[in-house]
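Subject: Structure handover

Hi,

Here is the structure we talked about. Please open it beside this email and follow along.

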Amino acid sequence: MEQYNILLLCGGDGSEHDISLVSASFIEKQLKTFPEFNVLKVIIHRDRWVDEDGNQCNLSHNQKLYFKDDSEKTVPVDYVIPCIHGVPGETGDIQSLLDMVSLPYLGCGSEASKLCFNKISTKLWLSAIGIPNTPFSFIDTDSEENLKKAHEFFRRYGSIFVKAASQGSSVGCYKVTDESLLDEYIRKAFSYSNDVLLEQAVRPRELEVAAYEYNGELIVTNPGEIITPSNDFYTFEEKYDSASKSTTLVEADISESLKSKIREYATRAFRVLKLKDLSRIDFFLVGDEEILLNEINTFPGMTPISMFPKMLENHGENMTSFLHDAVVRAVKK
């Protein structure tokens, strides 16, 4: 039986560090059901990489994991799973490193990751390829001229979201209904990102699909639904806090025509934006018929309660077989 050494990267020291560790544990459990997979779990910090025993290590140009305290110890790597939500896993940085050392990995490439992590570039692309999304504007500084532009945008819609352009899991996102607080929230958002997105606030149903490649074909699941208290904003705390009052439905109760439209938009986005392997694509349903694409997650949450594995299983696959297919297909290719 052919053996594969799989480097499972997690952590990242961003705002989603702890969620990354939970996701990595879930993925590790799936991988270890296969005797041919040897999992090398490494936690990334800003200044070091460490294995589960605390040994400092790094990735060499010849596709090996080497250990700083034992120059003789190296382990060849066949495949990488960069299980890092947010920075630097969904920003394209880790993917660029892996491309440089010619290692196959799970998930989207560097360019697609960077494009989708930035909410502004995502919306510009979506608009360009004819996929509806919420009305928006953006600013690159909190200059007097840009603040004036933001206030004009607020008065046009009366209620808006102010979002750090390059953050995940609702970090740096603020709903603004009082114009007197707008400048304060804009400055808060700039503390998380170099650019800030201004977006009309709508009262939607929040729908999500898992879009992934399996056995050589692209699969888009039926949409699941997130239901938040009083249809409020799905905050970081509501996503991950044990006291969250939000509920998730693995399959949303919507018409077949709406499901078809969502699948059409998700498929187009996956292919045109050059996504790979997996993504979770989030939509808004406004009123009875209007579908808007909200955002694309290039490495969605993989905790036992996360929507991606739940929707994948609802479709008839499971994470164990999905991961096995992804690893073997990439290494043999």
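Below is what I found, from the whole chain down to single residues. Please keep in mind that this is a predicted model.

**The chain as a whole**

The chain holds 10 helices and 17 strands. Its radius of gyration is 20 Å, close to the 20 Å that the globule rule gives for 333 residues, so the chain is as compact as a globular protein of that length. The C-alpha trace spans about 65 × 45 × 40 Å along its principal axes.

Of the 333 residues, 55% count as buried.

The accessible surface comes to about 15100 Å². Carbon and sulfur atoms account for 47% of that surface. On charge, there are 35 positive and 51 negative side chains. The centres of the two sets lie 2 Å apart.

**Helix α2**

Helix α2 covers residues 93–100. Which of its residues are buried? They are I94, Q95 and L98. Seen down the axis of α2, these buried residues fall within an arc of 100 degrees, so they line one face of the helix.

In the loop between β7 and α2 sits P88. The peptide bond from V87 to P88 is cis, with omega near -5 degrees. After α2 comes S102, whose phi is positive, near 60 degrees.

**Helix α1**

H17 lies in helix α1, which runs over residues 17–31. Is H17 buried or exposed? Its relative accessibility is 14%, so H17 counts as buried. Leaving out residues up to four places away in sequence, H17 touches G11, G12, I43, I44 and H45.

**Helix α10**

Helix α10 spans residues 319–332, and T320 is found in it. T320 and Q30 are 290 residues apart in sequence. In space, their C-alpha atoms are 5.0 Å apart. Setting aside neighbours within four places in sequence, T320 is in contact with Q30, T33 and F34.

V328 is also found in α10. V328 is buried, with a relative accessible area of 16%. Its contacts, again leaving aside neighbours within four places in sequence, are with Y4 and F37. V328 and Y79 are 249 residues apart in sequence, and their C-alpha atoms are 9.2 Å apart in space.

**Strand β17**

N294 is found in strand β17, residues 290–297. Why does N294 count as buried? Its relative accessibility is 15%, and buried means under 20%. N294 touches K163, E199, D282, F283 and F284, not counting residues up to four places away in sequence.

**The loop between α8 and β16**

This loop has two residues to check. It lies between α8 (256–272) and β16 (278–286), and K274 has its place there. K274 has a positive phi of about 60 degrees although it is not a glycine. D277 lies in the loop between α8 and β16 too. D277 has a positive phi of about 75 degrees, and it is not a glycine either.

D277 is buried, with a relative accessible area of 5%.

**Where to click**

- V87 to P88, for the cis peptide bond.
- I94, Q95 and L98, for the buried residues of α2.
- T320 and Q30, for the pair 290 residues apart in sequence.
- K274, for the positive phi of about 60 degrees.
- D277, for the positive phi of about 75 degrees.

Best wishes

Technical notes
Residues numbered from 1 in each chain as written. Predicted model: local features only at pLDDT ≥ 70, side-chain atom pairs only at ≥ 80, totals over all residues. Heavy atoms only, no water. Buried < 20%, exposed > 50% of the residue type's maximum accessible area, 1.4 Å probe, protein only. Helix = DSSP H or I, 4+ residues; strand = E, 2+ residues; numbered from the N terminus. Arc of directions from axis to C-beta. Rg over C-alpha atoms; globule rule 2.2 N^0.38 Å. Areas by Shrake-Rupley, 256 points an atom, 1.4 Å probe, with all protein chains shown as cover. Lys, Arg positive; Asp, Glu negative; His and termini not counted. Charge placed at Lys NZ, Arg CZ, Asp CG, Glu CD. Contact = heavy atoms within 4.5 Å.
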